Structures are given as C-alpha cells and as structure tokens.
Amino acid sequence: MSPSPRDLQTIESHILELQRMHPSASGDFTGLLNDISLAAKIISQQVNRAGLAENILGATGSTNVQGEEVQLLDEFANNVFIKCIGTRGQVCIMGSEEMADPVLVDTREGSGSYVVVFDPLDGSSNIDVNVSVGTIFGIWRRRGRLDRINDADLLQPGSELVAAGYVIYGSSTMFVYTAGHGVHGFTMDPGIGEFLLSHENIRTPFSACMYSVNEAYEPRWSEEVQAIVRQLKNGRDGGDGKGMTARYIGSLVADFHRNLLKGGVFLYPPTQDRPGGKLRLMCEAAPMAFIVEAAGGYASDGTRSILEIEPDNLHARVPLYIGCRDDVLWMEKMLSGSNGSI
Ligand code: AHG
Ligand code: MN
Ligand code: MN
C-alpha cells in the first residue's frame, strides 16, 4: 500500500482534516499531535544515526523507576518528548516510563486540556543490535480544574483515551495513530522529512496466523497459560489441528505492528517472579489496546478488557494478551477459570 502521487497526504494535513470534522475544536489537539510527530522525526533521525554518532549507543549507568538499565537513547528520546510536547500549553501533565514522577507543565499560555503518558523508547535493549524500536503514547483529557491537577487527571483508564499511537523505527519509520475512528499509518519519506499517509484505516484480521510470546518463561507460567501456548502452536483442542507460526522480536511496538497488519496475538503473561506481568498499563498496554480495538481487535489482562482497568499508579504493570479478537477472547475464556493469575 504505497501512496500514489494523487493522494499524497502528510500527517499534519490528515490531522487538520480531523479537526475540520469538529468545527468547535480549538486546534489544541491538532497542535499536540503535530508536536508528537515532530518529536518522532527528531528521535527517528537519532535512532538512524545510532551506529555512527558518539554518545548515543550504550547505557547511561543509571536505572529507572522500574529498576531497568537506562540507555542513552532512552534518555535522549525522553528529553525530546518533554521539550516538544504541549509547546502551546495544551498539556497540563505528562508521565513517562523513564521518570518516577509525572511532570506538571506550565500552562500560563494555554488551556492545559490534555494529559499525555508515553514510553519514549520501547524495546531499548534492542538498540545496540540494530533491531526495531519504537515510541508509544496515550492522550487523555484533563478531568478536573486546571489549578488543581492531581492523580485523578493522570490516572485514567484506557476507555477514556482521546487518542493513542506509536512510532516504529524499523526498516522505515512509521507513525500510526487513532483518535478513536480508524487507525491510520504514515511512512516517513526521509528525502523530504515528512510522514506520508501509507496505511489508511487499518483493520486487523479477526483470526491470528502467528503468536508472539517469550517462550523461555514457559516453566514459570501457570498451567492455563502453558495450555494456551501449546494450543496456539498445535491448533486448538477439538479444532482442525492447524497451529500458528511464532514471531517474537522483544520490542512490543515491532511485535504489535507486525501482528496488527498480518494477524497475530501477542502475550506477556504473568510469571512466578512477575505475578503482575511486566508491561506498563499506562504507557504500553492501554494505548496499544485502544489502537487494536479501533482496528477491530481486542486486548485483555486475562480476565477483562485492558481498557476497563483503572490504574492505581503511573507505573502499574499488567499481564497482556492483545491482537486478533477471536483468539484473545478465546485466551480470556481459557484463563477465566484461573482468574488470570499464576
Ligand atoms: P522497554 O524497552 O520500554 O523497557 O520495553 C521492553 C518491553 C517490550 O518492548 C517487550 O515486549 C518486552 O519488554 C520484552 O520483554 P522480555 O525480554 O521479557 O521478553
Ligand atoms: Mn516499553
Ligand atoms: Mn521504554
């Protein structure tokens, strides 16, 4: 699906068209998405130079709030996001995977209508070996008064998302987003430095042909999860015996993107040492759940929709089963007896 010269459309003009559908819109949301696309362009450029430039590859020597090693590019991408987002005062508070506490934004110049939570660089352990990494973001509306921003504004469930998206820094850089109606993908043309519409209204297949899970954790899964993966591989019990193929990159954005387009399911189940799962609800699972549902798929924590879960803190973790609707619903049913836990 490559754009033809007749319908070349930049992400900025696509977002403006969205704004025209809402005549009362202030332009704040449009400006915010444009800010995010600028951040994506800057990060993309740096990721592409990672093997060449000094002081880009490798670890910073510190760990983040999750206890994970912070890479130089994690820090760079985080700073770019903080600098680029809400430049016109549209954002009142933002939260990042890389920062223990949320950042209150000075909104003297603007409405402070929006809340943004992001994973600036997803899959960062893959940077040093030139494997795809990404960025994930979710946008919520401020709930309370601008002069009293608090946890109720920040800690909102996925069902309240206004928009969500991700950027994949792969063989080409792509920006994929949804504002609830349709999921749209834009591919970066490096010659002109623009994201051009390449995948309009993405729909994910109803049934999966591939599954993605880190199978090294198999001994630490519950019996129910072990049974699920066995059946993904060999075909469902009582079915036609046709199993799926396996694909696992270890970058959520890259695994999710491939599965969204080709039809797949991604699992990050709880393990004995991580009974709450590994992935973060607010900056990873909820935005991806919002996107997959807008594309016709489904996301669950094993017992209920990811979008229903009220976060109790910015860095809350959650088990994740996400992708083609038919298969995720089946996994949820398989897990319902075990309550999703191990
Ligand atoms: P991050 O780099 O933002 O910390 O995220 C890494 C995540 C995610 O991208 C991926 O799906 C998962 O970690 C892989 O974990 P395992 O190495 O345990 O499979
Ligand atoms: Mn991540
Ligand atoms: Mn990250």
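**View 1. Polar contacts to ligand 1.** A polar side-chain atom of aspartate 122 sits 2.7 Å from an oxygen atom of ligand 1 (a polar contact is a pair of N or O atoms within 3.5 Å). From leucine 121 it's a polar backbone atom, 3.4 Å from an oxygen of ligand 1. This is a predicted model, where local features need pLDDT of at least 70 and side-chain atom pairs count only at pLDDT 80 or more, while totals for chains, interfaces and linings use all residues. Residues are numbered from 1 along each chain as written, chains are lettered from A and ligands numbered from 1 in written order, and side-chain values use heavy atoms, without hydrogens or water.

**View 2. The shell around ligand 1.** Ligand 1 has 19 residues around it, with Asp122, Gly123, Tyr217, Tyr248 and Tyr268 the closest (near means a heavy atom within 4 Å). Domain 1 (5-199) and domain 2 (210-335) each supply at least three residues to this shell; the bounds come from an automatic or database domain assignment.

**View 3. The manganese pair.** Donors here are N, O and S atoms within 2.8 Å of the metal (3.2 Å for Na, K and Ca), and sites may look incomplete because water is not among the atoms. Aspartate 119 bridges this ion and the manganese ion (ligand 3), 3.7 Å apart. Both aspartate 119 and aspartate 122 are buried, meaning under 20% relative accessible area (1.4 Å probe, protein chains only).

Conventions
A polar contact is a pair of N or O atoms within 3.5 Å; within protein, one must be able to donate a hydrogen and the other to accept it, and residues adjacent in sequence count only if both atoms are side-chain atoms. Buried means under 20% relative accessible area, exposed over 50%, partly exposed in between (1.4 Å probe, protein chains only).
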